[in-house]
Amino acid sequence: MFADHVFKLLSQKQKASVTKPAEAPPERVGDKKYFMDASNKNLTFIPSSLLELWELEEVHLENNVLEGISKDIRNLTNLKILYLNNNDIKLLCKDIGELTNLQSLDLSYNPLVPSTLPVLSHLRSLRQLRLYKIQMETFPIQMCKCLHHLELLGLSHNRLKELPKEIVNQTKLREIYLQDNKFEDFPQELCVLYNLEIVDLEQNQIAVIPDEISALTKLEKFFIASNCVSYLPDTLGSCSKLTVLDVSYNLLHNLPSTLKELTEITELGLSGNCLEKVPRLICKWTLLHLLYMKNTCLKTLRRSFKRLLNVTLLDLSQNYFDFFPLEVCSLKNLEMLSLDDNHICQVPPEVFNLVKLKALGLTGNNFTIFPEEILLIESLEQLYLGQDQGTKLTYLSENILKLTNLKELYFENNSLEYLPVGIGSLRTLQLLDLHNNQIRELPDSICQLKGLKTLILENNQLSVLPERMDSLESLQVLNLEGNPMEDPSEEVCRMGIPAIWEYLREKRYKNFIVTKIQAWYRGVRVRKGLGSNEELLKLQKKGKGSPKDKQKKKGEKEKAAAKGKKK
């Protein structure tokens, strides 16, 4: 469903920089090697040859099966960046503490023994430390006291209930990630870390955001989604540099009027809160680019909503709209729109104004006929019209060929029996999802979709594939499960695309040979005066002979008549 895809974009786009590696130094200058990538090599130990390269400044060893760290790691005295995430490391040797120039360290997704963590307190130059999902229950106090240069601290997906008071020593901290822990109270200590720019506390059990958050005047991104917050403090309006605010899936019913001061907001997540109405102040945030209001009990939009001319992504899925909101048609910069799972039965012609719209989600609405107005949006690249709930559509418009930029078409869970011939004109189409329909036959024109990579036809009524379907040279995924396939058989279909293509080629060759034999046979009959094959078949049906047989009979009659005259 398009709405699910849209929902993921907020965290993906906003947090993309969280684990972004620093710019790599040149791999080699002269005879010296400064960069080494040994990730994804299935290594069980760090190669000794690597540990001899003392001049190395950046080393990638992530996504291996390392069980430990060799004491010779201390040889890498110039090392500044070290990635050891996604391994099987349990113990940290004391020698890692001798990497005095280390500035960035990632030990995430390792089954680390907590008692070995304090050795990291010796890394006094450390600026970035990532310890995601290491089953941490308490953050070592010693690290708080010694690591005074930390700018980024990643502790998401652990079991933390609180932070040590000594965390206040991290005065240079700019980013802290505490998503998916066990916090029930907002860590008050964060409110004195005045340089914080990003705070992520998603997926905890926090009920109250303290008024002291107003002290974080440099705060730019605040993630507090999936908690138990029932109201936002008025003082949040003092965080005037906020550009990203995600309070999705809490218990909010409105936003405090003081948030009108947050005029720099570009990305806002409000999904999963029962707002019932669009907060009036949102319509004044004209810099908004991404707006998520999925499942917020909305029935209409304010007239002033059309002021949000910079919005490029809008999620209004799982609400109670009976009509396609006309206010949305004024958002001329809109590129992605999700209106899935509403009660919409008609699309207004004003959608023509959405000249930049690339993705449109209308899954699970109440259309009784195909909404032809969609075809006015020539810029569309992704169209979602699956009906996992609501009325089933029985046809796909022949005019679908007007969407000349379409790359992905989702029309699953409908009652479609046939595809329009015009489907073959969608030369840019890469994905076609038609699972759970009633399709009995595919048009030959589907073989013209040279760019098609994914074709999902699961649970239809197909028994035969077009003869030249193997011309879909780009096809990588073909799902035919749940069809009564005969030509090719279900067994061949289960063997995958190469087997299906081979079957179709062999079938074509056999048909070619049969045609040649028939042509030869017809030629022989014509040369012998037996008539064309078609004529013979007609005569046989009427119980008559060939022209030569007729001539023979005529001759016999004439001879008999002549004998009679002689007598």
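A salt bridge is a side-chain nitrogen of Lys or Arg within 4 Å of a carboxyl oxygen of Asp or Glu. The views below come from a predicted model, in which local features need pLDDT of at least 70 and side-chain atom pairs count only at pLDDT 80 or more, while totals for chains, interfaces and linings use all residues. Residues are numbered from 1 along each chain as its sequence is written, and side-chain values use heavy atoms, with hydrogens and water left out.

**View 1. A network of salt bridges links Glu151, Arg174 and Glu197.**
Within this group, the side chains of Arg174 and Glu151 form a salt bridge with an N to O distance of 3.5 Å. Arg174 lies in the loop between β8 (152–154) and β9 (175–177), and Glu151 in the loop between α3 (141–146) and β8, so the pair ties together parts that are 23 residues apart in sequence. Helices (H or I, at least four residues) and strands (E, at least two) are DSSP runs, numbered from the N terminus. Arg174 has 29% relative accessibility and counts as partly exposed; Glu151, at 25%, also counts as partly exposed. Here buried means under 20% relative accessible area, exposed over 50%, and partly exposed in between (1.4 Å probe, protein chains only).

**View 2. Asp95 and Arg74 are joined by a salt bridge.**
The N to O distance of this pair is 3.1 Å. Asp95 is buried, with a relative accessible area of 7%, whereas Arg74, at 34% relative accessibility, is partly exposed.

**View 3. Asp470 and Arg508 meet in a salt bridge.**
Their side chains are 2.9 Å apart, N to O. Asp470 belongs to the loop between β21 (454–456) and β22 (477–479) and Arg508 to helix α5 (residues 497–527), so the contact ties together parts that are 38 residues apart in sequence. Both Asp470 and Arg508 are buried. In total, the structure holds 10 salt bridges.

**View 4. The rings of Phe186 and Phe222 form an edge-to-face pair.**
A pair of aromatic rings is described by the distance of the centres and the angle of the planes. Rings of Phe, Tyr and Trp (its six-membered ring) pair if their centres lie within 6.5 Å; planes under 30 degrees apart count as stacked, over 60 as edge-to-face and the rest as tilted. By this rule, the structure has 3 aromatic pairs. The centres of Phe186 and Phe222 are 6.4 Å apart and their planes stand at 70 degrees, so the pair is edge-to-face. Phe186, in the loop between β9 and β10 (198–200), and Phe222, in strand β11 (residues 221–223), are 36 residues apart. Phe186 is buried, with a relative accessible area of 6%, and Phe222 is buried at 0% relative accessibility.

**View 5. The rings of Tyr384 and Tyr410 are stacked.**
Their centres lie 4.2 Å apart and their planes are at 5 degrees, so the pair is classed as stacked. Tyr384 is part of strand β18 (residues 382–384) and Tyr410 of strand β19 (residues 408–410), so the contact ties together parts that are 26 residues apart in sequence. Tyr384 is buried at 6% relative accessibility, and Tyr410 is buried with a relative accessible area of 14%.
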